[in-house]
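The stops below are meant to be selected in order.

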Amino acid sequence: MNRSAVLARTFQAHRSALLDLLEQLPEDQGTFAAWDGGMSFIGLSDHLSASADRFLNMVQGQAPGAMPEPSATLTEARGRLWDSQERALSAISALSDEDLSRRVPAFGGREMPVAALIDTIITHEAHHKGQVWLMARMIGVKPPMFIKMG
């Protein structure tokens, strides 16, 4: 398996587990946040879908782009997350080893290799997935205890 396939598979493992958990959440809990001012389930889902798209713009040497309007419902937020997963998997899988070594401007002009930016996408996903796991437990939903690998 080449590097881009491994990166895509790792991203998919985190995203699929997150989507599985979000499917278990009751629609009326979409606005739940763990603390006052914290991101809700809807907010975190929107943040992750928009962030994946924005990171991928940077991979292509483009500006990150604007954040979309917030989702109105948890169902809408889950749909955005599914859609961004497909775009991310397609884009990451298509990267060659040469692409992964290419340096691109990111995060205010700092240059970094595409592979490091993809790693950032994955660690960002895992970080916020942990928040969703904790929040789900706070409302009485037991998260799945595994990560799907494709």
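Predicted model: local features only at pLDDT ≥ 70, side-chain atom pairs only at ≥ 80, totals over all residues.

Residues are numbered from 1 along each chain as its sequence is written, and side-chain values use heavy atoms, with hydrogens and water left out.

**The annotated span.** Select residues 11-132, where an unreviewed UniProt entry places the feature "domain: DinB-like". UniProt positions are given in the numbering used here, feature names are shortened, and annotations may be inferred rather than shown by experiment. The span is 63% helix and 7% strand, and its end C-alpha atoms lie 16 Å apart. Helices (H or I, at least four residues) and strands (E, at least two) are DSSP runs, numbered from the N terminus.

**The largest nonpolar core.** Next, show the side chains of F11, L56, V59, I92, V114, L117 and I118, which touch the most other members of this 21-residue core. A nonpolar core is a set of buried Ala, Val, Leu, Ile, Met, Phe, Trp, Tyr and Cys residues joined through side-chain atoms within 4.5 Å; buried means under 20% relative accessible area, exposed over 50%, partly exposed in between (1.4 Å probe, protein chains only). At least two residues each come from α1 (3-24), α2 (41-59), α3 (74-93), β1 (103-106) and α5 (114-138). With six residues, α5 gives the most. Apart from this core lies another, of 18 residues, including L19, L22, L25 and V132.

**The α2 and α5 pair.** Color these two helices: they pack at an angle of about 175°, with axes 10 Å apart. Axes are lines fitted to C-alpha atoms, for helices over the stretch in contact, and angles run from 0 to 180 degrees between N-to-C directions. The two helices are therefore roughly antiparallel (an angle over 145 degrees). Contact means heavy atoms within 4.5 Å; among the residues making it are F41, L44 and H47 of α2 and H124, E125 and H128 of α5.

**S71.** Move to the loop between α2 and α3, where S71 lies. S71 counts as buried because its relative accessibility is 8%. What does its side chain reach at 3.5 Å? The side chain of S71 reaches the backbone nitrogen of A77. A polar contact of 3.3 Å also joins the side chains of S71 and R80 (N or O atoms within 3.5 Å; within protein, one must be able to donate a hydrogen and the other to accept it, and residues adjacent in sequence count only if both atoms are side-chain atoms).

**A13.** Finish in helix α1, at A13. A13 is buried, at 3% relative accessible area. Between A13 and I122, the C-alpha distance is 9.7 Å, although they are 109 residues apart in sequence.

How values were computed. Parallel < 35°, antiparallel > 145°, perpendicular 65-115°, else oblique.
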